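I am opening a notebook page for this structure, and I want to write down what I look up in the order in which I look for it.

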Amino acid sequence: MSRLAGKRAAIIGAGSVGEGWGNGKATAVLFAREGAKVLCVDRSQEAAEATAELIRGEGGTAETLMADVTDAQAGPQVMERMTALWGGIDILDYNVGISQAGGILETDDAAWARVFDINLTGAMRVTRAVLPAMRAQNAGSIVFVSSLAAVYSAPYSYVSYEVSKMALVRLAKSVARENAPFQVRANVLLPGVIDTPHVAAFVDSETDAETLAARRAAMVPMGRQGTAWDVARAALFFASDESAYVTGIEMRVDGGLTA
Ligand SMILES: NC(=O)c1ccc[n+]([C@@H]2O[C@H](COP(=O)([O-])OP(=O)(O)OC[C@H]3O[C@@H](n4cnc5c(N)ncnc54)[C@H](O)[C@@H]3O)[C@@H](O)[C@H]2O)c1
């Protein structure tokens, strides 16, 4: 229970859009269980506070920051808060992401721009803000949460999501390459079919939950959907020093879907 002992982590999108365990929420809780001090960042103060309360309830250390990644100030706000709280940052987990249904003919400029702003530009904004401190201390790990949609076509279209998530993979590699001389690492997760509240909120709100879950599980060679904990445990590997020589890679968390 000490794989992140002494580390200071910011989880961007640490709440959950619904009841149950989202990827960001599980990641925040797992990081705290492993000894990290965790700043739960979310545009919803209520959602961030719910995660922080869970952590404190288990005896961990958590604080909250209400920030929207579409705000140009979001990055500086995260860095300022981490500095004020704990004197800096060791781990950034960028988990925020939204989906927008629609192929190219159904996607207007505004929808495209919004998805890119949240899924990609927000990641760049926050990364840009934390890098100087990570470089100065010659240590840091950045974990981006992309999606299998970056490399695998689902049976439905959501082109803005797919393209923004692929760009996020490239962002991770660019950040990794540029910052390797400073011992700052960047890696990216590609979760597959994960059972989180995000799915009902963004992917399919019309099909009843049981039918949707069975349909999604049937897609996966392992015969089950992933859980937020599967994603969190993969993030933990990237965040911890166990992956000290691993940078610029994507990890598929997909139960064999693309094997
Ligand atoms: N569930 C899946 O099947 C699946 C699969 C692949 C990838 N993903 C990715 O995992 C991530 C979602 O994980 P989750 O389950 O924690 O998601 P979630 O949708 O529950 O969101 C987590 C938090 O992000 C916050 N948020 C949304 N927009 C924000 C913004 N503009 N600024 C700040 N906070 C914002 C929400 O308030 C929420 O509390 C996304 O990046 C998604 O693309 C999910």
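Predicted model: local features only at pLDDT ≥ 70, side-chain atom pairs only at ≥ 80, totals over all residues.

**Entry 1, helix 8.** I looked up what the buried residues of helix 8 pack against, and I found helix 1 (23-33), strand 4, strand 5, strand 6 (184-191) and strand 7. Among these buried residues are W229, L236 and F238, together with several alanines including A228 and A239. With a residue counted as buried under 20% relative accessible area, 10 of the 12 residues of helix 8 are buried, so the helix is largely enclosed by the rest of the structure. I then checked its length: at 1.5 Å a residue, the 12 residues (228-239) should span 16 Å, and the end C-alpha atoms are 16 Å apart, which agrees.

In what order do the strands of the open sheet lie? I read the order of the 7 strands as 3-2-1-4-5-6-7, with parallel pairing. Strand 3 (61-66) and strand 7 (250-253) are the edge strands, each pairing on one side only. From one strand to the next the twist averages 20°. Looking at one pair in detail, I noted that strand 4 (residues 91-94) and strand 5 (residues 140-145) are joined over 4 bridges in the parallel sense, and that D93 stands opposite V143 of strand 5.

Helix 3 (residues 74-86) lies across strand 1 (8-12), strand 2 and strand 3, and runs at about 150° to strand 3.

Leaving out residues up to four places away in sequence, A47 touches G15, S16 and D42. I also noted that A47 and G13 are 34 residues apart in sequence, with their C-alpha atoms 8.9 Å apart in space.

I counted 8 helices and 7 strands in the protein chain. For 259 residues a compact globule would have a radius of gyration near 18 Å, and the protein chain has 17 Å, which agrees. Buried residues make up 53% of the 259 residues.

Technical notes. Residues numbered from 1 in each chain as written. Heavy atoms only, no water. Pairing = 2+ DSSP bridges. Helix = DSSP H or I, 4+ residues; strand = E, 2+ residues; numbered from the N terminus. Axes fitted to C-alpha atoms, helices over the stretch in contact; angles between N-to-C directions. Contact = heavy atoms within 4.5 Å. Expected span 1.5 Å × (residues − 1). Buried < 20%, exposed > 50% of the residue type's maximum accessible area, 1.4 Å probe, protein only. Rg over C-alpha atoms; globule rule 2.2 N^0.38 Å.
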